[in-house]
Amino acid sequence: MDIFKDKVKLICPLTGDLAKVVAAQPLEPFEKITLQFINIVSETILKDHSLRKYPELIALAYWMRSAHIKQLQEQFINSNADYIQVPRGLAFHIAPANVDTIFVYSWFISLLVGNTNIVRLSSKTSDQLETLLAILNNILAQEQFEQLRNTTALLRYGHDTEVTEFFSKQCDLRIIWGGDATIKSIRALELNPTALEVVFPDRFSYAVIDAQQWLAHTNKEETIAYFYNDAFWFDQNACSSPRLVVWCGAEKDITPARNIFWQLLEEYITTKNVPVQPAVAVQKLTAEVQTIFNAKSQVTVEQSASNAINRVFIESFEDISRDAHCGGGLFYETTISELAELGNFLKTKDQTLSAFGITKEQLSTFIKENKPRGICRVVPFGQALTFSNYWDGLDLLATFARKVELVV
Amino acid sequence: MIEDLFGYPPFSLKAAQKKPLFLEALTAVTQHHIANCPEYSKFAKAFCDPSNLTAVEDFPFLPVTVFKTNKLTSVNESAVIKILKSSGTTGQTPSAIYLDKLTSERQTKALAHIVQDFIGKERLPTIFVDTKAVFKDKESFSARGAGVLGFATFGKNHFYLLDEDMNMDIEGLLEFAEKYKNEPNLIFGFTYLVWLYLYKELTAKNIKLDLSNAILVHSGGWKKLIEQSVDNGTFKAHLKEQLSIKHVYNFYGMAEQVGSVFMECEEGNFHTSVFSDILIRDPANWQILPHGTQGIIEILSVLPHSYPGHILLTEDFGTIMGEDTCPCGRYGKYFRVAGRIPKAELRGCSDTAAV
């Protein structure tokens, strides 16, 4: 492993032997030491009030609570007795640059099923990320976690195909967290033939609002705050951030419903006092123009008080340019008279549907009857960004492990 | 209309006189593009009511980058006589601008009108800090090539400082300097090339020249120079010290609006001409900002006929310093350019680390 000495920087644990990690034996699924470790990380974050300013960390810590991990364990164990689930071996995770906490979910789910882990972190950093890494390092340095130290390596290295290819040839599971371009370039590198590759490509997500329900809704402010979190926490650039708002209902309801919704959101954003980056404003204008150019029918740019929110009204589904969208507070809008109309529009690229005012039954019927090609999750407003162990249609616990069939 | 504007000296109209003339010409150009460019028509109708545009700030503005990703024309394909490619920042797709005869002629004519206000009407012996290869292909060339060709039309005894491999013809330069040392002459080049060859290379070779009768006109952006901590003042001071060049004019322009360039006057201000206008928009809401306040530069030109590039939102910050009151005596708006808007910093999973 000497060849990587100058290229690869170990981030966590701070001292370690990469060669050892590559050669290490997997752990037991939900091994005691793993549960202990995750629990301490969770408690450390939740106890430290100075970390309240990092909502992503808090969400992560809640996900890591022992009660929730126990649920995951039950999901994992509570399965058919005709097979046994075992770790795949060495997992090689390639984390995204801009969502600081994703690598932890990826790593911990893999760790829970017993895999050893190498995680390539992006070179891009943030206060939140460095804080998180310091916490992880502190805890991992405790004596009792030696086994985890020997089976874990979080590292950074430049855009070096030699290093990526080396780990790809060694690993049993390669997990690439998005960006179509990243996936394309890494897929070109040789992967251990028996390894499984899991990728999370670019996605498109949206919100569906029942206009009549929205007009009748009594706590509109709370719903607006939820929507704000869904759309703006990651500058509308997370896979599950809503980019298209679909209004469902009769036109007489939709018009006032839209007016109220956007007015309240504009007011709410004003209270947040987040400045609009000039380059983002230009990017959004460019995306609007590209969407207009791509459309077969005439689309309309809605007036907005500020460039925090820009809106494009598109009558025909086929004129919605998923790829032209750039995030940063740009909303496509369209209308349907009933949910079933969405069916033909959905593409495999579509991930999350945040729903307001539509019952679980309606949604369930819609999915069963229309069999849309896209959509991996349907969530209420406020939960678009909540991480789940079911992601992009995969049961991550089951996928990161291997099933040994036992029929004797 | 548009042709009428050529009847006025380029910096002779005060606001009250220019406003109706320019608005009329701009309206005509806009209607032409709506009628002849389907993309532009959809764009205009999405942003405004094209039949109800009463002031320049009401007209919709296209972000300049759309020419990188779209082929936008307002004339028949057969009418296109040349394609202009923007140099583009490193790693970016260049813009492609489709020119017909009318647009090309207007550009040449407008450029001559504007530049002659600074250098005089007489044809001057000219040094091009560039290579002839830059416009070898007559159908497709860069903004640099367009600049050289534009200036070639009102210079004489052209001397190209660089060969095809970008080597300097020092001997030729010394000859030129000697031959024309007692009469006005012109130097034209890309800002960075002027700095690299005329200043740095000559300094490295320890060659001092007397070009005190030369007028230097240059353009092309400061990005590379700013990286070397060279601003406009440093640039001028060094050229004066090394080559005794006293008259240096920068101009602000881009491949997407060739011809109606904004020349920098003796006071260090860029000027609009009768063919052009400038607006400063607030990135927070696209509202027009008052004079003296920095925002994103929108440039307007009545010249583009074959492509809908008459109203463009640039990626530059700038400030209008005033209108009709520049101490240099030229009428029109005058402004400063503060440089590129900083890159966006967005979060989210779509932006990931490639290998």
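**Chat: sheets, helices and cavities**

Biologist: Which strands does helix H6 (residues 143–152) of chain B lie across?

Modeller: Helix H6 of chain B lies across E2 and E5 of chain B, and runs at about 90° to E5(B). Helices (H or I, at least four residues) and strands (E, at least two) are DSSP runs, numbered from the N terminus. Axes are lines fitted to C-alpha atoms, for helices over the stretch in contact, and angles run from 0 to 180 degrees between N-to-C directions. Contact means heavy atoms within 4.5 Å.

Biologist: What kind of model is it, and how are things numbered?

Modeller: This is a predicted model: local features need pLDDT of at least 70, side-chain atom pairs count only at pLDDT 80 or more, and totals for chains, interfaces and linings use all residues. Residues are numbered from 1 along each chain as its sequence is written, chains are lettered from A and ligands numbered from 1 in the order in which they are written, and side-chain values use heavy atoms, with hydrogens and water left out.

Biologist: Back to chain B. What is the strand order in the sheet of three strands?

Modeller: The order is E3-E2-E5 (chain B), an open sheet with mixed pairing. Strand E3 (96–100) and strand E5 (140–142) of chain B are the edge strands, each pairing on one side only. Two strands count as paired if DSSP finds at least two bridges between them.

Biologist: How do E2 and E5 of chain B pair, parallel or antiparallel?

Modeller: Strand E2 (residues 80–85) of chain B and E5(B) pair in the parallel sense over three bridges. Ile83(B), for one, has Ser140(B) as its bridge partner in E5(B). Another helix to look at is H5 (residues 101–119) of chain B, which lies across E2 and E3 of chain B at about 95° to E3(B).

Biologist: Which domains does chain B have?

Modeller: The assignment, which is automatic or from a database, gives domain 1 (2–99 + 276–340) and domain 2 (107–252). Their C-alpha centres lie 27 Å apart, and 21 residues of domain 1 of chain B are in contact with 17 residues of domain 2 of chain B.

Biologist: On to chain A. How many strands are in its open sheet?

Modeller: Six, in the order E1-E5-E4-E3-E6-E7 (chain A), with mixed pairing. Strand E1 (8–12) and strand E7 (196–200) of chain A are at the edges with a single partner strand each, so one side of each has no neighbour in the sheet. Neighbouring strands of this sheet are turned by 20° against each other on average, direction ignored.

Biologist: And which helix touches E1 and E5 of chain A?

Modeller: Helix H6 (residues 127–140) of chain A packs on the sheet there, and its direction makes about 75° with that of E1(A). Helix H8 (residues 161–170) of chain A lies across E1, strand E3 (90–94), E4, E5 and strand E6 (173–177) of chain A, at about 145° to E3(A).

Biologist: What lines the largest one?

Modeller: Residues of chain A, including Ala95(A), Phe103(A), Lys124(A) and Leu129(A).

Technical notes. 1 Å grid on protein atoms, 1.4 Å probe; cavity = no way out; pocket = protein on both sides within 12 Å on 5 of 7 lines; lining within 4 Å.
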